[in-house]
Amino acid sequence: MQKEDETPLQLQGPQKDRGMRKPSDMSPRRLSDISPQIRQLKSLVLDEDLNEELKSSRSVEYIQNASIEERILRITGYYGYEPWSASVRGEEQSSSEKVEVKVDGHSGTALSDCADRLQRLRCCLHLTAVHLRGALWGVAMVICICMSWSGSTQLAKITVRRLNIPFTLTWFSTSWNCAIFPIYYLGHLCWSKDRQTPRQRFRECCQFLGDDGLSLKMLLSRVAPFGVLWTLTSYLYLQGLRRIPATDACALFCCSRAFVFLISWIVLRDRFMGVRIVAAVLAIGGIVMMTYADGFHSYSVIGISLVVGSASTAAIYKVLFKLVLGSAKLGEAAVYLTILGGANLIFISAVPLILLLTGAEDFISPRDLPWSSICGMSALLLVFNFLLNCGVLITLPTLISLGVVLSVPVNAVIDRYMYDIQLNSVRVIAVSIICLGFLLLLLPEDWDQCLPQLRSILHSRRQPQESARDKHSETLHIRPREAKNCNSKTTGVR
């Protein structure tokens, strides 16, 4: 058995040599002719060095990854199979790579297009949700400011018509400002990530008043003047409400924004704007027309003068606050109003007591006081002052001011159906002029630069529409001509 097995192995070398020297047409045609080589390749084991050489070789492919038949074809060149031919192998690889690139590229572009479309859709939905949320918050803020200011004015009107206690009512409603910082701190605990204790937050917000913090010097220099202006504004407004309707009082108080512009232009050297001068002139003209509506010698002239004085003191308060303290953030404004309310509660408590004891204001038993209207007015004024300061974080300042001017028609409806107050044509025109001036003051400083941009955008949108219309009209004109030519040709053929 050993001799029989050795014989083909001894003949293997010469036969292989002769087989490699044969031309391709004399190569073996059956695998049974080279069965000894098959048995030898099954037991073939490569050394590690040879294995590494074969791996790094570019002319010989790695043999262990191939089947037995492929190994024989690679070694013998059976049927002209020559894996060491770089050109054939390169062409095959390049063609397979091209096919893969085409297929993968097509699928990659399709996937990338789908991903881009999904991303754009998500961005559009996100932007729409953000704008919709901002619009809803703005509308809610306008409604809350309008209703709080209108409600406080109507409740104050009811109170001062029953009782002559304007200064006591001013002191009582201003003292409610002590609750602004606790409300702000509750919001700080709910939404802020860096939570602080009430003392730490209060001290941090007091830094805008000065380096000394909350001291007697600060109270006398930066709180007392503004407290006097605040009290004077509320007192004059309530005195005016005793003599004129709530609609006229709200419309006249809207003139404070025009007075703010005039005082800022004189004191703070703000930018001169012609449209705001026009708004100030309209406000003054509305005041004159409202005075003329009831006659210059009527009882309501005093009420109009008192409310205009209230609007003037409110404008002075705003301009001085900007001059002395600058622009305050939400926490700083909450602390300042809280300090103002506390100082009013502590230092001015004796003044309403003296007025009540001397008979300057009506003194009645606490049980007979209309506590519902007094507390309701104070609560609505608290909400109004809080929204004026924190509303900037939620919506635009223009919408906040719009809520104030919308209180005029709301009060007009209430006066008409609750108190049966008739508004003549002159008074309606006066109120409309004042509101128009207020709306002109809401225009931004660069409104004159925004108009050319808006015009260019509208012009660029019209051009494609006009070009499309021209093309459509040209096609409509060409089609009848083509039809006529076709008809003429057919008649000529006939």
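My notes on salt bridges and cysteines follow.

Ground rules: I'm working from a predicted model, where local features need pLDDT of at least 70, side-chain atom pairs count only at pLDDT 80 or more, and totals for chains, interfaces and linings use all residues. Residues are numbered from 1 along each chain as its sequence is written, and side-chain values use heavy atoms, with hydrogens and water left out.

**Salt bridges.** I looked for a side-chain nitrogen of Lys or Arg within 4 Å of a carboxyl oxygen of Asp or Glu. That gave me two salt bridges.

I found Glu-204 paired with Arg-201 at 3.5 Å, N to O. Both sit in helix α9 (residues 198-205), three residues apart, about one turn of the helix; I took helices as DSSP runs of H or I, at least four residues, numbered from the N terminus. For exposure I used buried for under 20% relative accessible area, exposed for over 50%, and partly exposed in between (1.4 Å probe, protein chains only). Glu-204 is partly exposed at 36%, while Arg-201 is buried at 17%.

The other pair I noted is Arg-427 with Asp-248, at 3.4 Å, N to O. Arg-427 is in helix α20 (residues 425-441) and Asp-248 in helix α11 (residues 246-253), so this pair ties together parts 179 residues apart in sequence. Both Arg-427 and Asp-248 are buried.

**Cysteines.** How many disulfides did I get? Zero, counting pairs of cysteine sulfur atoms within 2.5 Å. I checked Cys-146: its closest cysteine sulfur is in Cys-250, 8.9 Å away, too far for a bond. Cys-146 is buried at 5% relative accessibility, and Cys-375 is partly exposed at 28%.

Note on methods
Helices (H or I, at least four residues) and strands (E, at least two) are DSSP runs, numbered from the N terminus.
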